[in-house]
Amino acid sequence: MMNKPLAVLLIAGLTLSACNSWRNSRVNPTNWFGGSTSTPVETTETVNTNPLVPESRRGIFARPEEEDRGVAITKVTELQIDPTNSGAIIQVVGVANRQGAFNAELRLTPSEEDAEKGVLTYTFFVTYPENATPQGSERTRTIRQAISLSRQDLQNVRVIRVIGQENVRESRRRG
């Protein structure tokens with residue numbers, strides 16, 4: 001009679017001790033990405049032409065296209081990647097140059113070189129009002145933005161990078 005409870009207790013103890021290896025496993029989604037780090041932005045010389053703006057012939061009744069006034073946010077302060085059942089959510093916090101920034105957007109910045117290395121790069125864009133606004137404290141210029149990615153989007157990704165004007169934050173996949 002005493003042997004059955006002892007055997008059940010022994011089997012339960014061995015089963016629970018095996019659960020500890022799950023926490024450090026590469027299969028565990030909470031271990032996919034570590035904390036983010038900040039690095040300075042590489043400056044490159046820009047050309048005055050914009051290859052993204054097409055030269056089109058429009059009809060007389062067509063509305064003019066709205067001008068894209070988005071610029072990269074001044075500084076990216078936080079990058080957090082939270083796993084979900086369907087993939088991950090990238091949460092980014094940045095500080096704008098002055099108050100009143102709106103239309104926060106994480107735009108994919110594709111590069112063949114980055115894709116080969118497993119790097120997914122986004123640029124954090126905001127739009128500023130046309131009229132002058134005060135600079136204000138850093139707290140009043142803080143902008144948050146998030147984007148959801150599927151498991152397919154993350155399949156070959158080893159590094160997620162978010163670019164601002166003054167710095168770049170990136171988070172590397174663990175394991």
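Author: Happy to! Buried means under 20% relative accessible area, exposed means over 50%, and partly exposed is what falls in between. At 21% relative accessibility, Arg-161 therefore counts as partly exposed. Keep in mind that this is a predicted model.

Reader: Good to know. What is the average pLDDT of the protein, then?

Author: The average is 84, and 78% of the residues score at least 70. Confidence is lowest in helix α2 (residues 20-23), with a mean of 64, and highest in β4, at 96.

Reader: And how many helices and strands does the protein have?

Author: There are 3 helices and 9 strands. Along the sequence they follow the pattern α-α-β-β-β-β-β-α-β-β-β-β.

Reader: How much of the protein is buried?

Author: Buried residues make up 29% of the 175 residues. As for contacts between residues at least 6 apart in sequence, 70% of them join residues at least 24 apart.

Reader: Let's go inside. Which residues have the most contacts in the largest nonpolar core?

Author: Those are Ile-90, Val-92, Phe-124, Ile-160 and Val-162, in a core of 23 residues. Two or more residues each come from β3 (75-83), β4 (87-95), β6 (119-127), β7 (142-150) and β8 (159-163). The largest share, 4 residues, is given by β6. In soluble globular proteins, nonpolar side chains tend to be buried together.

Reader: Nice. What does Val-92 touch?

Author: Leaving aside residues up to four places away in sequence, Val-92 touches Val-76, Glu-78, Leu-79, Leu-106, Phe-124, Ile-143, Arg-144, Gln-145 and Val-162.

Reader: Changing topic: how many salt bridges does the structure hold?

Author: The structure holds 7. Arg-161 takes part in two that are worth a look: one with Asp-114, at 3.8 Å from N to O, and one with Glu-170, at 3.0 Å.

Reader: Where do Arg-161 and Asp-114 lie?

Author: Arg-161 is in strand β8 and Asp-114 is in helix α3 (residues 112-117), so the pair ties together parts that are 47 residues apart in sequence.

Reader: Which residues are linked with Arg-161 in a network of salt bridges?

Author: The network links Arg-161 with Asp-114, Glu-170 and Arg-172.

Reader: What about Arg-107, which residue does it form a salt bridge with?

Author: Its partner is Glu-105, with the closest N and O atoms 3.2 Å apart. Arg-107 is partly exposed at a relative accessible area of 22%, and Glu-105 is also partly exposed, at 35%.

Reader: And which ring face does Arg-107 lie over?

Author: That would be Phe-125: Arg-107 lies over its face, at 4.0 Å from the ring centre.

Reader: One last thing, how many aromatic pairs are there?

Author: The count comes to 0 aromatic pairs.

Reader: Thanks, that helps. I'll go back to Arg-161 and its network with Asp-114, Glu-170 and Arg-172.

Note on methods:
Residues numbered from 1 in each chain as written. Predicted model: local features only at pLDDT ≥ 70, side-chain atom pairs only at ≥ 80, totals over all residues. Heavy atoms only, no water. Core = buried A, V, L, I, M, F, W, Y, C linked by side-chain atoms within 4.5 Å. Buried < 20%, exposed > 50% of the residue type's maximum accessible area, 1.4 Å probe, protein only. Contact = heavy atoms within 4.5 Å. Salt bridge = Lys/Arg side-chain N within 4 Å of Asp/Glu carboxyl O. Phe/Tyr/Trp six-rings, centres within 6.5 Å; stacked < 30°, edge-to-face > 60°. Lys NZ or Arg CZ within 6 Å of the ring centre and 35° of its normal. pLDDT = per-residue confidence, 0-100.
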